[in-house]
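The structure comes first, and the account follows it.

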Amino acid sequence: MHGTGETCTEAVRQAMSLGAKAAEAFGARGRYVNIETQMSEVDFAREEIKHGFGLRVTAKDALGFASTNNREKITDAVQQALEGSRIRSGVNDFAGFASDDKLPEVKGTWNPRTANLEISECIDSVQSVIHGVESVKGARVVSSMFSCYDYEQYLGNSVGLNLSWKGTVVMGMCECVAGEEETVSAMEFELSRGPDIDFHGMGESAARLAVDSAGGEHGPSGVMDVLLAPMAFEEIFEGVLQTAVDGDAVFRGRSAWADMIGETVAPDWVTIVDDALMPGGLGTAPCDDEGMPSRSNMLVRDGKLQGFLHTRESAKKMSTVSTGNAIRDSYRQLPKVEIRNLRLECRREPPLEGCERGLMVHDLIGAHTINHQSGDFSIQASNAFIVRRGEVENPVSGVMLSGNVFDALKNITAVSEEEKCMGNVMAPWVRVKGINVVGRG
Amino acid sequence: MSDGADFTELRIISSRSTGIKVEDNEVRDISTQIDVEAAVRALVGGSWGFSSTDNLEEIERCKRDAAELAYRINRIQPRPPLELAPYPDHRMVVHGPGEDIGSASLTDKIELLKDICQHSMITSVANVRVNYAESNVEVEYSNSDGINRGYKLQRSGFSVRVVAREQGEIQRASRSFFNTGGLEVLRDPGAREIARDVATTAVELLKAKSAPAGTFPVLLDNVLAGVFIHEAMGHACEADAVLEGNSVLTDRLGETIASPGVTVYDDPTKGFFGHLPVDGEGVVCAPHMLIENGVLRNFLHSRETAGILGGEPGNSRAEGANRPIVRMTNVYIEQGDMSLEELMEGWTGIYLVGSRGGSVDTAQGLFQFNAQRGYRVDNGQITDNLRDVSLSGKTLDILSGVEGIGNDLEFSSGRCGKQGQGVAVGSGSPHLRVMNALVGGVL
């Protein structure tokens with residue numbers, strides 16, 4: 001499919017000529033490069049070029065959707081989308097398409113160096129990761145990966161909007177193991193718009209974590225402070241907060257925060273924003289995936305819930321306006337409410353200081369089992385260490401954490417200066433009080 | 001088709017999928033995906049190059065690119081040449097297609113889905129989502145050794161997700177019901193029973209007690225035991241993990257790793273959700289015994305891992321035009337001879353039912369799952385409804401702690417994620433009673 005923008009225009013034109021009242025095509029084109037290792041040896045390189053579009057149409061008052069990557073099937077896709085719209089007639093969820101072409105300027109989303117990376121540079125990066133791991137005695141690489149993605153997205157609709165924007169993403173990942181009698185593993189990854197990742201440092205850090213985690217004894221049980229590393233922070237909070245602030249979930253009674261505007265949901269020194277304009281953020285773009293201008297949205301101010309995130313459709317249902325949070329997993333999917341770049345704005349202090357007795361947790365096993373509606377969780381800690389009087393002590397294994405994410409948010413007692421980009425969340429280290437720790441010790 | 005590579009293979013995947021989402025008896029969306037993709041993999045020495053496209057006119061370019069990539073990494077960091085295992089001689093089994101999903105109109109399907117949704121709309125239920133998906137996929141495989149194989153497969157099914165609310169409490173339950181086959185999956189009267197069960201579970205969880213924490217004897221239902229055998233045991237049997245030293249089962253072939261009576265298979269020829277006629281390397285799929293009466297017998301292999309470790313290939317799978325990697329299909333524990341009543345008789349412990357997902361660290365042999373719900377059982381009698389009950393521990397401790405195997409093998413469907421790729425899998429098990437396991441809950 002050559003010229004994804006032109007294909008989008010053609011799909012909209014065909015839809016209108018076949019009887020659509022309104023039509024919108026979202027197209028994507030991308031080049032993806034991926035290098036993988038099996039243990040410490042590069043064994044796999046891949047290059048992929050993809051294009052396609054997703055078409056939303058309305059014949060009367062409801063949307064229908066179809067997508068294709070096959071240029072010969074444009075008319076087929078248009079007809080399928082129209083049929084879906086006609087069958088859904090009466091649902092009346094069509095909220096109109098975006099028409100504002102004045103978009104904010106965003107910075108740092110497309111890096112020319114990423115877009116022009118040579119395969120040999122990609123291989124160098126992954127080899128740096130391996131050298132990083134090998135610099136730590138007692139650790140070895142299980143697998144590592146480097147990938148980069150250069151993409152351009154298009155949005156055209158029958159209201160006359162024609163937008164395009166582009167971006168790049170680089171990812172490095174490393175998994176290593178250590179330990180003699182019992183193996184322990186540790187994983188690190190880095191995400192960025194540019195290739196400026198410290199790959200050697202990432203490998204070294206994963207290796208150190210694996211070595212330090214080896215020989216863990218059964219952990220203690222009790223209610224205590226838990227220090228969550230950025231990865232664990234993201235795993236615990238992202239899904240639950242996403243559901244809580246999702247305007248569609250609010251409308252449908254799936255959000256625990258549905259009736260809580262103005263109520264306390266976090267400590268009074270914590271403010272939470274979703275900033276789609278954050279320079280270089282992975283969720284940053286001039287507009288969302290239905291063409292609405294991006295903006296920064298205040299979700300929680302001084303601990304009190306301020307508002308929710310919306311697509312045009314969820315905003316219409318809630319009699320409000322879109323917040324620019326309509327995001328698609330790919331052109332094959334319909335847009336849905338998603339956070340863009342979630343960030344805490346608050347006082348910063350080292351979470352380790354002042355922790356008398358607690359557990360430091362780097363990673364979690366089973367985070368996807370967290371109940372996104374109620375916030376209840378019962379999950380296993382991985383790469384966990386005892387903390388006493390502000391010092392990290394011995395590793396522990398087989399420890400479960402249980403509690404409630406909404407309670408945990410209220411019980412955050414410290415947030416680090418350091419933050420790590422975990423996709424759409426800028427994750428700090430945090431100390432949370434009152435978590436149930438269940439060990440066998 | 002070698003383009004100078006030692007070995008080249010091509011897969012062309014054409015698919016057409018339709019999804020219908022019904023929420024609170026309203027059609028939320030209808031979507032159709034029409035896709036075609038091609039993937040080329042080339043081997044030079046011990047290095048793989050891979051290139052994919054959605055433009056079939058670019059297949060020749062993909063072949064050149066894949067070979068070039070393989071050459072370049074082999075030059076920068078040469079690996080010993082790979083000996084790919086030969087193609088085993090099996091008869092291809094293709095189930096279905098069942099009742100043609102194209103034979104019913106969207107309107108008919110929506111009526112069936114609304115009926116299923118209606119079965120979940122009971123008192124205290126705040127939200128019901130029924131997501132239906134159907135797909136027709138056609139795969140053509142060919143390689144430079146002259147192997148040409150292809151198949152067509154139809155899959156369909158739905159998931160039900162229910163949220164119940166009462167007096168500030170919010171609980172959820174869900175279940176999927178996908179299979180290899182056509183419309184009969186949707187027409188199955190059992191579909192409605194599932195919808196009602198899911199709703200009842202969500203509502204009962206509103207008043208359920210928090211699970212206790214600590215070590216208890218446990219009884220796992222078919223679904224959770226199926227997830228356990230897939231997650232904890234199946235992933236550790238994947239030979240890529242074994243080769244990387246990332247499996248607790250490395251070097252354990254022939255050893256007793258489970259209680260006598262525990263026998264585990266991966267069987268792509270069974271017509272459940274994980275059914276597969278030909279794998280991503282053109283190997284005709286066949287069943288493989290993983291554990292025989294407690295003894296570890298086999299790992300799951302690609303042609304590469306089987307060539308290195310010995311064993312039979314046939315478990316290399318890819319999502320669409322992705323790289324094939326070692327995966328499960330339908331993994332199950334063979335049934336024993338105890339009825340549920342016999343397993344419960346005089347028994348005290350925690351009975352865990354349904355799955356909310358789980359994950360595993362194959363290197364350490366650790367697993368963690370959350371059940372949809374639980375029950376406290378005292379001397380054979382259910383005393384309390386429990387919620388947020390999770391199970392964790394060491395895979396091998398659980399396998400060797402199995403002390404009762406039910407006679408009620410059932411399969412459930414799921415999507416298994418590995419290295420960013422999701423594939424359809426079936427997991428099967430009878431009820432399993434285990435001596436002791438760590439249950440996570442409230443202290």
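## Basis

A salt bridge is counted when a side-chain nitrogen of Lys or Arg lies within 4 Å of a carboxyl oxygen of Asp or Glu. Side chains of opposite charge can pair when their charged atoms come close.

This is a predicted model, in which local features need pLDDT of at least 70 and side-chain atom pairs count only at pLDDT 80 or more, while totals for chains, interfaces and linings use all residues. Residues are numbered from 1 along each chain as its sequence is written, chains are lettered from A and ligands numbered from 1 in the order in which they are written, and side-chain values use heavy atoms, with hydrogens and water left out.

## Salt bridges within the chains

Over all chains, there are 58 salt bridges. One of them joins A:Glu24 to A:Arg56, with 2.8 Å between the closest N and O atoms. A:Glu24 lies in strand β1 (residues 22-38) of chain A and A:Arg56 in strand β2 (residues 41-58) of chain A, 32 residues apart; strands (E, at least two residues) are DSSP runs, numbered from the N terminus. Both A:Glu24 and A:Arg56 are buried, where buried means under 20% relative accessible area, exposed over 50%, and partly exposed in between (1.4 Å probe, protein chains only).

A:Glu190 and A:Lys420 also form a salt bridge, at 3.8 Å from N to O. This pair connects strand β6 (residues 184-192) with strand β19 (residues 412-422) of chain A, the two residues being 230 apart. A:Glu190 is partly exposed at 26% relative accessible area, whereas A:Lys420 is buried at 13%.

## The interface of chains A and B

In the interface, 78 residues of chain B are in contact (heavy atoms within 4.5 Å) with 82 residues of chain A. The two chains bury about 6900 Å² between them, 47% of it on carbon and sulfur atoms; buried area is the accessible area (1.4 Å probe) that two parts lose on being put together, summed over both. On the chain B side, B:Ile34, B:Asp54 and B:Glu244 lose the most area to chain A, together 9% of what that side buries.

Across this interface there are 14 salt bridges. In one salt bridge between the chains, A:Arg252 and B:Asp24 have their closest N and O atoms 3.8 Å apart. Both residues belong to a salt-bridge network that also includes A:Asp248, A:Arg254 and B:Arg28.

Definitions and conventions. Helix = DSSP H or I, 4+ residues; strand = E, 2+ residues; numbered from the N terminus.
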